[in-house]
Amino acid sequence: MKTARIALAAVAIAALAIAATFAVGGKEMAPTVQYTLLDGTKHSSDALRGQVVLVNFWATSCTTCVKEMPHLIETHQKYKDRGFETLSVAMAYDPPAYVVNFAETRKLPFRVTVDNTGEIARQFGKVQLTPTTFILNKKGEIVQRYVGEPDFAQLHALLEKLLAEAA
């Protein structure tokens, strides 16, 4: 009987742990990731809580990624003063020198990191296709995932809604 209670308690704890990864409404919490920006500064995604965040996985060799980049720049510029942040994550296979050159020549105004080990992509659900974009609300919940270029009108409508919500 005691063994059954222990097993039941273990199942309950496991269920609570799984439930804790989802917020109200069944939204998945974004993983906490550590990253180093192109300027060498180290950061954690935890510092972005309280803001609406766009996390974009991309590569300099991805035609669609290069095509959507001006729209990401425009989106960042439009919302950055309202509690919005962009984290651009170059894939592990992208040569860092290419990423630096791309970021400098296009004057990317947002955070850019190279996922050298592939750990950030793994933590976000084993991202393999580029571009893949995640939208996080102020609580750090993933509210939208786009594989391929998003419809930027719909994306902007979602950002307006999320920015209007309380933290």
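This is a predicted model: local features need pLDDT of at least 70, side-chain atom pairs count only at pLDDT 80 or more; totals for chains, interfaces and linings use all residues.
Student: Where in the fold is Asp-46 placed?
Tutor: Look at the strands on either side. Strand 3 spans 42–44 and strand 4 spans 52–58. Asp-46 sits in the loop between strand 3 and strand 4.

Student: Why does Asp-46 count as partly exposed?
Tutor: Buried means under 20% relative accessible area, and exposed means over 50%. Asp-46 falls in between, so it is partly exposed, at a relative accessibility of 38%.

Student: Which side chain does Asp-46 join in a polar contact?
Tutor: The cut-off for such a pair of N or O atoms is 3.5 Å. The contact here is 2.9 Å. The partner of Asp-46 is Thr-32.

Student: Which residue forms a salt bridge with Asp-46?
Tutor: A salt bridge needs a side-chain nitrogen of Lys or Arg within 4 Å of a carboxyl oxygen. The closest N and O atoms are 3.6 Å apart.

Student: How many residues apart are Arg-122 and Glu-119 in helix 4?
Tutor: Their side chains meet in a salt bridge, 3.1 Å from N to O. Arg-122 is partly exposed at 44%, and Glu-119 is partly exposed at 34%. Both lie in helix 4, residues 119–123, about one turn of the helix from each other. The spacing is three residues.

Student: What is the distance between the closest N and O atoms of Glu-165 and Lys-161?
Tutor: Glu-165 is partly exposed, with a relative accessible area of 31%. Glu-165 forms a salt bridge with Lys-161. The distance is 3.6 Å.

Methods:
Residues are numbered from 1 along each chain as its sequence is written. Side-chain values use heavy atoms; hydrogens and water are left out. Helices (H or I, at least four residues) and strands (E, at least two) are DSSP runs, numbered from the N terminus. Buried means under 20% relative accessible area, exposed over 50%, partly exposed in between (1.4 Å probe, protein chains only). A polar contact is a pair of N or O atoms within 3.5 Å; within protein, one must be able to donate a hydrogen and the other to accept it, and residues adjacent in sequence count only if both atoms are side-chain atoms.
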